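Have a look at the structure first.

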Amino acid sequence: MAGWSGNVLDIDLNSQTFTTYPLDREMARQFIGGRGLGARLLWDMVGPEVDPLSPANVLIFTNGPLTATGYQTSNRFSVTTKSPLTGTVLDANSGGFWGMQFKKAGYDVMIVRGRAEKPIWIEIKNDEITFHDASELWGLRVFALTEKLGQNNNRRNVLCIGPAGENLSRLASIMNDRERALARGGPGAVMGSKNLKAIVVEGKDRPKIEDPERFKFLLYETRKLLAASPLTSQALPEFGTVVLMNIMNNIGALATRNHQQTQFEGAEAISGEELTEKYLVRNASCWACPIGCTRISKTGKVEGEGPEFETTWALGAQCGIDDLPAIIEANALCNDLGMDTISVGSTIACAMELSEKGYLDSDLRFGRADQLASVIEAMAYRKDIGADLADGSLRLATKYGHPELSMTAKGMEMPAYDPRGLQGQGLLYATSNRGGCHMRGNMIGLEVLGLPKLIDRFQVQGKSSFVILNQNSSAAIDSLVICKFTNMGVADEYFARVLSAVTGIQYATGEMIKVGERVWNLERLYNNREGFTSKDDTLPPRLLTEAPGDGPSQGWVSHLEPMLKEYYRTRGWDQNGVPTKQKLTELGLVNLLN
Amino acid sequence: MVDPRIYEMFRDIGRDLFTSNMISSHGGNLSIRLGDRVVIKRRGAMLGQLKPHDLIETRLDRNDSGVALASTELLVHRTVYLNTPALAICHCHPRTAIAFSLSRDELVPIDNEASYLLKKIPVVTEEFASGTLQMANKVAEALRNYKIIMLRGHGSFATGQTLDEAFHWSSTLEESCQIELAAKLINEPFIEYRGMSGSYSKF
């Protein structure tokens, strides 16, 4: 099997044993890898009766046929599980080096089942799998643990959880390579519930490439295109993802103070320009990435990766905070504790609004940068007010009688882009299978950046077609697995050709996108099986009823209802948002219903 | 009723197609896919002077009354939408590209812009090169692998997420062909300036 390693590693933590067996080739052809393969395997393994934090839930680590080939950004990998935050299917993916090393260890998939009696960590060196006692490591934070376990970027890579995962915070991430995160939806809590502290990988086998000559040509052309795109050759390397701060603020689509406003007066102070000018030490890159969007930034207290745009927004504008050093330090703290910065920031913002309105008895207030570090610590350890915040804003706001103040979709905190100024983005959040997420077919390319061409961000009619195409494309890219930033300079047609060159299986562009559609529908089926319905395809009431009083999005709310109707029809789903038998037959999924 | 924002898009691209000599007065057509619907130019309407009533909305999967008003090329547009991820189609008659299509099975650009963007444009042949099922199938098949193709002696079909994008590929193709024609007229030895250009024909 060119591209794929062809092997599954199946680990049972109850008995601390493992088996290996061949990857199902037909399944690999249909779902490729990464997110797609993870969703397909999860469908069989974890049903609606399973509590996400019980031993019956699984962690499915996957890479894809492009991983470790050396194609640009072919460093990424995924984890799939049932989310303890949302109860939906969850996949989270991450860059860095671990995914490349995992592939070189000779596996496409690693399934982790059960629960260890005591804390353990696992060491993988190709076919040599060792279970180690982690009793003395339990309680260690991510940076110290990563160093202790011998992180070496090109040879030995560490994936682990921090205290937040140990304490089963539903906002806990799994960290890899020190500061990379499988962040969203609480996979760190699932790993913590299994008493699994870390997985360390060393690999030695590069994947086989079926058509090296064609691959070399596509590698060359991709390099040219990434160099030609100002986004991938200038904006991201120079300012990182935070380049978006001023852009989003200028168009009135930067959610501010728990989405009470759509512009932040302090945006300039937390912008990419400010970060680069005052706090940037140097750029860094994931393995095989020529873009290098990673920031190494430094304040008087910390030096490390980040912060990304979403982090800077969540801990900044969303909390009304314009203190960039405090945000950089809060980001480092979240990484060290192993927490999802988007959900952490937006949950704190929700608590700030609850407090300011008198619904929650706390001194949390918008703009109080001095409160960030202590409340994040409290969340990771479930101490004091942190115990209420540790499981996200929806549980918090519901407990205090105002669920409408949780800025979530399906229970996951939404990122920075305010749907009132970006109609397509609102539909995207509402229909995302893992909840409010911008990585499931980001519409910012079309509605803001003009990728591939600019469309009207306030247009409602016809928006569903764009959203669906981007959701499907995104699911395909997440299954290859490569970084979506590559897509800012390189079109899907190249990815289909690279996939064909690597695997020897000819995928036309449309066929690759069709894999994405298959994945999307399977995820939807999974959520429907868990009890999610069309009622869950919605946004917080604030975004549907409260129009900004000023700024470029003045007077606009999200016109979700007509877009959603069009979306279901275009998806080939019934009016209740359930995929029709005809659609499932077309996608080869109908047998799953038997 | 089609959203005025969508009409403006058709009007602007249609006007540009005409003023850039990519179509004759009544030639070419544009369409977009809106889920299970297609919005396409009215039969006989002039792309350079589109009015709101010149846009016809009809079903994607089967005929309805809209078919009586829609462009004669509706069939090929539908077939392309059903077989590719395209959300927009631009069909036009770029003169230089048509001239080259009369003697070549593929157009491989020599200029920088088209080399980056297009790599290779296949030329397909169909005796009944307008409005037929055979033509529709051949065009759709070629567009599964390429974002723009030439129908020999007839014109180009380009796809994209937006009309803007499909027009971009169309105008890039014609520009590239005009550059090659000019280079032929100059008739001096070509100095290769690109890397791995020998692989373009395998794209």
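The points below cover the contact between the chains, a sheet, and some backbone details.

1. Keep in mind that this is a predicted model.

2. On the contact: chain B puts in 24 residues and chain A puts in 26 residues. On the chain B side, helix H1 (4–19), strand S1 (29–34) and helix H6 (163–186) are the elements that give two or more residues. By class, that side of chain B has six nonpolar, nine polar and nine charged residues.

3. Chain B also has an open, mixed sheet of eight strands, ordered S3-S2-S1-S4-S8-S7-S6-S5. Its edges are strand S3 (55–59) and strand S5 (106–107), each pairing on one side only. Strand S1 of chain B runs antiparallel to strand S4 (residues 88–92), with four bridges joining them. Asn29(B) sits opposite His91(B) of S4(B).

4. Two cis peptide bonds in chain A deserve a look. One goes from Leu451(A) to Pro452(A), with omega near -5°; Pro452(A) is in the loop between helix H18 (444–449) and helix H19 (463–480). Another joins Leu480(A) and Val481(A), with omega about -10°, and Val481(A) is in the loop between H19 and helix H20 (492–503) of chain A.

5. Which phi does Arg178(A) have? Its phi is near 75°, positive in a residue other than glycine. Arg178(A) lies in the loop between strand S10 (174–176) and strand S11 (180–182) of chain A, and counts as buried because it has 21 C-beta neighbours inside 10 Å.

6. Asn258(A), not a glycine either, has a positive phi of about 55°. The loop between helix H9 (244–250) and helix H10 (272–278) of chain A holds Asn258(A). With 27 C-beta neighbours inside 10 Å, Asn258(A) counts as buried.

Key: Residues are numbered from 1 along each chain as its sequence is written. Chains are lettered from A and ligands numbered from 1 in the order in which they are written. This is a predicted model: local features need pLDDT of at least 70, side-chain atom pairs count only at pLDDT 80 or more; totals for chains, interfaces and linings use all residues. Two residues are in contact if their C-beta atoms, placed from the backbone, lie within 7 Å. Ala, Val, Leu, Ile, Met, Phe, Trp, Tyr, Cys and Pro count as nonpolar, Asp, Glu, Lys and Arg as charged, and the others, Gly among them, as polar. Two strands pair if DSSP finds at least two bridges between them. A residue is buried if 20 or more other C-beta atoms lie within 10 Å of its own, exposed if 12 or fewer, and partly exposed in between; C-beta atoms are placed from the backbone.
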